[in-house]
Amino acid sequence: MVIGVCRIDLWLMESNSLKYKRRTVRSIIDQLKARYNVSVAEVDHHELWQRTSIGIACVGNQKYYVEEVLQTIVRSVANNASTEITNCTIDFL
């Protein structure tokens, strides 16, 4: 069993309030959960308007599969017009 963990730090360019940020982050999280069947949560920068960090966990029985899923998720988040990735790490357990 392979567990892949990804942390993506985002800058929300258009965010001007916590309400807007929470709506945007909730949308990203819900889309990732539905599309890729992974666990996703906001893990840091809860009270900042334009920054957030999301954590993603994926479990599989082969490392290349888990890595491909996480890389696809990172590309998907990078294609979001209202966000910019400032840092991204992927680790395996």
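A search of the whole structure, a predicted model, finds zero aromatic pairs. The charged end of lysine 63 sits over the ring of phenylalanine 92. The distance to the ring centre is 4.7 Å.

**Overall build**

The chain has two helices and four strands. Read from the N terminus, the order of elements is β-α-β-β-α-β. The C-alpha atoms fill a box of roughly 40 × 20 × 15 Å along the principal axes. How does the radius of gyration of the chain relate to that of a compact globule? For 93 residues, such a globule would have a radius near 12 Å; the chain has 13 Å, so the two agree.

**The helix pair**

Two packed helices are described by the angle between their axes and the distance between the axes. Here the axes of α1 and α2 come within 12 Å and cross at roughly 145°. The crossing of α1 past α2 is right-handed.

| Helix | Residues | In the contact |
|---|---|---|
| α1 | 18-36 | Ile28, Leu32, Arg35, Tyr36 |
| α2 | 63-78 | Thr72, Ile73, Ser76, Val77 |

What kinds of residues make up the contact of α1 with α2? Five are nonpolar, two are polar and one is charged.

Terms used
Residues numbered from 1 in each chain as written. Predicted model: local features only at pLDDT ≥ 70, side-chain atom pairs only at ≥ 80, totals over all residues. Heavy atoms only, no water. Axes fitted to C-alpha atoms, helices over the stretch in contact; angles between N-to-C directions. Left-handed = near helix turned anticlockwise from the far one by under 90°. Contact = heavy atoms within 4.5 Å. Nonpolar A, V, L, I, M, F, W, Y, C, P; charged D, E, K, R; others polar. Phe/Tyr/Trp six-rings, centres within 6.5 Å; stacked < 30°, edge-to-face > 60°. Lys NZ or Arg CZ within 6 Å of the ring centre and 35° of its normal. Rg over C-alpha atoms; globule rule 2.2 N^0.38 Å.
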